[in-house]
Amino acid sequence: MTVSPHFNFKQGVLHAEGVPLTLLADEFGTPLYVYSRQALNDAWQSYADAAAGRNVLVCFGMKANSNLAVLNEFRKLGAGFDIVSGGELARVMAVGADPAKIVFSGVGKQAWEMRAALDAGVKCFNVESEPELERLAQVAAEMGKVAPVSLRVNPDVDAQTHPYISTGLKENKFGIAIQDAPAVYARASAMPSLKVVGLDCHIGSQITQVSPYLDALDKLLVLVRTLQSQGIAIEHLDLGGGIGIRYTDETLLSPSALLNQVYARLHQEQLSDLQIVLEPGRSLVGNAGVLLTRVEYLKHTEARNFAIVDAAMNDLLRPTLYDAWHDVEPVQQPAESAQAQTYDVVGPICESGDWLAKARTLALKQGDLLAIMSAGAYAFTMASQYNTRPRPAEVMVDGTAFHVVRPREALADLFASERTL
Ligand SMILES: Cc1ncc(COP(=O)(O)O)c(C=O)c1O
Ligand SMILES: N[C@@H](CCCC[NH3+])C(=O)O
């Protein structure tokens with residue numbers, strides 16, 4: 001058993017659905033991202049089941065994985081999208097997303113991004129500050145349009161997750177302090193080029209308990225009542241993303257557990273006719289992907305054993321950035337007689353922070369293939385070309401078939417647009 005039900009051992013070889021990962025490594029080389037189409041569908045289904053019979057719009061937080069094949073899969077399943085840039089807007093529009101299901105988040109929206117989103121006709125802008133509200137009002141007025149607006153409030157709740165991915169505390173840069181929101185809503189509703197449509201928050205990522213969501217919801221519901229008393233009606237309540245996945249042995253919060261509790265509160269408050277918007281990213285894609293890498297060298301020093309692999313922090317930044325844990329599975333199970341040792345799995349980049357896993361017990365030899373698990377979210381999307389390393393290819397497995405959904409970057413492409421003086 002691995003952390004992902006769609007990546008399993010068959011006759012001692014790790015498979016993505018029906019395809020041996022050894023085959024994909026031979027065919028496309030390493031490092032290589034491999035996604036399971038079924039995993040995307042199953043993750044979506046858990047949200048669809050939770051939403052059934054309720055007025056819920058699920059907008060995929062596409063920063064987690066923005067490959068067009070992934071976006072198109074979710075579009076066909078009925079997803080909306082949570083975007084944070086003009087670039088993400090261009091990507092989702094390229095797969096034919098319905099703009100009426102797109103919410104635009106982010107603390108630093110530029111005027112050109114606002115114009116593009118107004119042209120597209122997005123469902124709403126999640127506005128995160130008063131200066132942003134003023135800019136949006138001006139841009140919309142210049143275009144002769146009315147911009148649909150939600151304020152992203154910062155409810156000051158502890159999401160009980162890694163500090164770098166917690167976003168709903170008052171010291172975070174995100175959102176408008178909840179106590180300031182009534183005044184900002186009053187301003188927004190007085191601006192003729194804006195239309196207040198919703199209320200938004202997003203408290204953090206990799207959340208495994210329901211209580212932080214409910215703490216935030218309680219504060220939002222008080223605010224909804226205050227707004228009603230100001231004569232400001234909202235159509236939807238956006239609770240953001242944040243549901244965690246299993247990287248190792250986490251107990252998980254399911255979309256249905258979350259929505260059941262949310263609706264219990266909404267019913268109590270007689271607010272269950274509000275549309276609920278969710279912005280899940282990681283929980284839709286995180287365990288739908290692995291990063292395949294090959295052991296280049298085994299290096300034994302006085303202090304450590306290193307497995308130097310061909311993937312690096314430029315391909316998967318999460319360990320370096322957050323000290324994140326990703327399981328490491330040998331793609332071919334070693335012989336029982338093989339001697340296991342404790343290894344740090346590191347990349348070839350000239351940074352001590354270039355590591356993928358630390359102190360793992362593995363029986364390794366040069367040339368072995370490893371799968372870095374749970375690499376479907378914030379993995380390829382955070383990859384760079386540091387050290388002039390081409391970003392890996394991405395392959396989507398579908399049963400026993402597989403498709404390259406992004407080829408490996410060619411070396412020449414990495415500097416093709418640069419000019420010497
Ligand atoms: C505004 C917003 N919405 C949605 C998401 C998606 O979050 P997650 O991947 O934790 O579901 C994020 C990232 O944390 C975000 O910043
Ligand atoms: N990139 C982060 C999560 C941040 C989410 C973006 N708001 C991660 O890999 O866990």
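1. Strand S4 (residues 32-36) pairs with strand S20 (residues 393-398) in the parallel sense, over 5 bridges. For the record, strands (E, at least two residues) and helices (H or I, at least four) are DSSP runs numbered from the N terminus, and two strands pair if DSSP finds at least two bridges between them. Within this pairing, Tyr-35 stands opposite Met-396 in S20. S4 also pairs with strand S14 (residues 289-300), here in the antiparallel sense and over 4 bridges, with Val-34 opposite Val-290 in S14.

2. A word on what we're looking at: this is a predicted model, in which local features need pLDDT of at least 70 and side-chain atom pairs count only at pLDDT 80 or more, while totals for chains, interfaces and linings use all residues. Residues are numbered from 1 along each chain as its sequence is written, and chains are lettered from A and ligands numbered from 1 in the order in which they are written.

3. Back to S4: is the strand mostly covered or open? Mostly covered, with 5 of its 5 residues buried. Buried here means 20 or more other C-beta atoms within 10 Å of a residue's own; 12 or fewer is exposed, in between is partly exposed, and C-beta atoms are placed from the backbone. Side chains in a regular strand alternate between the two faces of the sheet. In S4, Leu-32, Val-34 and Ser-36 are buried on one side, and Tyr-33 and Tyr-35 on the other.

4. Next comes helix H2 (residues 37-51), whose 15 residues reach 21 Å from first C-alpha to last, close to the 21 Å expected at 1.5 Å a residue (the expected span is 1.5 Å times one less than the number of residues). Its buried residues include Arg-37, Leu-40, Trp-44 and Tyr-47. The buried residues of H2 pack against S4, S20, strand S5 (56-61) and helices H3 (68-77), H9 (255-268) and H10 (282-285). Gly-53 follows H2, with a positive phi near 75 degrees.

5. Helix H6 (residues 130-143) has 14 residues; at 1.5 Å a residue they should span 20 Å, and because the end C-alpha atoms are 20 Å apart, the two agree. Glu-132, Leu-133, Leu-136, Ala-137, Val-139 and Ala-140 are buried in H6. Their cover includes helices H5 (111-120) and H7 (181-190), plus strands S8 (124-127), S9 (147-154) and S11 (194-200). Just after H6, Gly-144 takes a positive phi of about 70 degrees.

6. An open sheet of 3 strands runs in the order S1-S2-S3 with antiparallel pairing. Its edge strands, S1 (7-10) and S3 (19-20), each pair on one side only. S2 (residues 13-16) is joined to S3 by 2 bridges, and His-15 stands opposite Pro-20 in S3.

7. Trp-355 sits in strand S18 (residues 355-362). Why does Trp-355 count as partly exposed? Because it has 19 C-beta neighbours inside 10 Å. Leaving aside neighbours within four places in sequence, Trp-355 is in contact (C-beta atoms, placed from the backbone, within 7 Å) with Pro-319, Thr-320, Asp-344, Val-345 and Val-346.

8. Around ligand 1 there are 15 residues, of which Gly-61, Ser-205, Gly-241, Gly-281 and Arg-282 come nearest (near means a C-beta atom, placed from the backbone, within 6 Å).

9. On domains, the assignment gives domain 1 (7-36 + 286-415) and domain 2 (105-280), with bounds from an automatic or database assignment. Their C-alpha centres lie 36 Å apart.

Conventions
Two residues are in contact if their C-beta atoms, placed from the backbone, lie within 7 Å.
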